[in-house]
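The stops below proceed from a pair of helices to individual loop residues, and then to the chain as a whole.

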Amino acid sequence: MRLKSIPIYQSVFNDIYKDVLAGTYKEGELLPSENDLCVKYAASRITVQRALHMLVERGFVRRAQGRGSFVSYKKDRIAVKQRLLGVIIGDPSISFGLRLLKAVEKYARLEGYSIVYKNQEYDPALESQCIRELIA
């Protein structure tokens with residue numbers, strides 16, 4: 001079901017992604033055609049293609065020209081890539097810090113990222129340590 005606050009391509013991506021993880025679509029199985037997905041989601045072909053491209057980027061789908069889109073994710077396999085965004089803030093309890101953290105998380109999620117938050121407590125040495133941990 002589509003939430004109004006997210007773009008249609010993200011909603012299509014989310015639905016197919018959840019179905020793949022749940023095993024609704026098995027590894028090697030052909031997904032519905034682009035036309036069928038357009039009808040199902042009342043979306044344009046470009047919107048559906050963008051969602052499928054996001055699935056391909058994350059290793060859940062492979063596309064074969066003239067044949068369609070196939071599930072390339074095996075349920076017991078760990079996802080190929082996890083898109084992470086590191087966020088280091090001095091004190092998120094202040095109003096601005098909390099609003100900033102919420103906004104970063106919201107837009108990161110829309111673009112398929114998860115965030116990792118670190119509190120550096122205004123300490124330059126701790127900030128350097130947080131950066132090293134995020135890079136590792």
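**A pair of helices**

Helices α2 and α3 are roughly perpendicular to each other, because angles of 65 to 115 degrees count as such, whereas those under 35 degrees count as roughly parallel, those over 145 as roughly antiparallel and the rest as oblique. Select α2 (residues 34-41) together with α3: their axes come within 9 Å and cross at roughly 110 degrees. Axes here are lines fitted to C-alpha atoms, for helices over the stretch in contact, and angles run from 0 to 180 degrees between N-to-C directions. Next, display the side chains of E34, N35, L37 and C38 on α2 and of R45, V48, Q49 and L52 on α3, which make the contact (heavy atoms within 4.5 Å).

The model is predicted: local features need pLDDT of at least 70, side-chain atom pairs count only at pLDDT 80 or more, and totals for chains, interfaces and linings use all residues. Residues are numbered from 1 along each chain as its sequence is written, and side-chain values use heavy atoms, with hydrogens and water left out.

**Loop residues**

Move to A42, located in the loop between α2 and α3. Although A42 is not a glycine, its phi is positive, at about 50 degrees. A42 counts as exposed, with 67% relative accessibility; exposed means over 50% relative accessible area, buried under 20%, and partly exposed in between (1.4 Å probe, protein chains only).

Then select R58, in the loop between α3 (45-57) and β1 (61-64). Is R58 buried or exposed? Its relative accessible area is 7%, so R58 is buried.

The next residue is I94, in the loop between β3 (84-89) and α4 (95-110). I94 is partly exposed, at 41% relative accessibility.

**The whole chain**

Finally, colour the model by secondary structure. The chain has five helices and four strands, which are DSSP runs numbered from the N terminus (helices H or I, at least four residues; strands E, at least two). Their order from the N terminus is α-α-α-β-β-β-α-β-α. Of the 136 residues, 32% count as buried. Among contacts between residues at least 6 apart in sequence, 58% join residues at least 24 apart.
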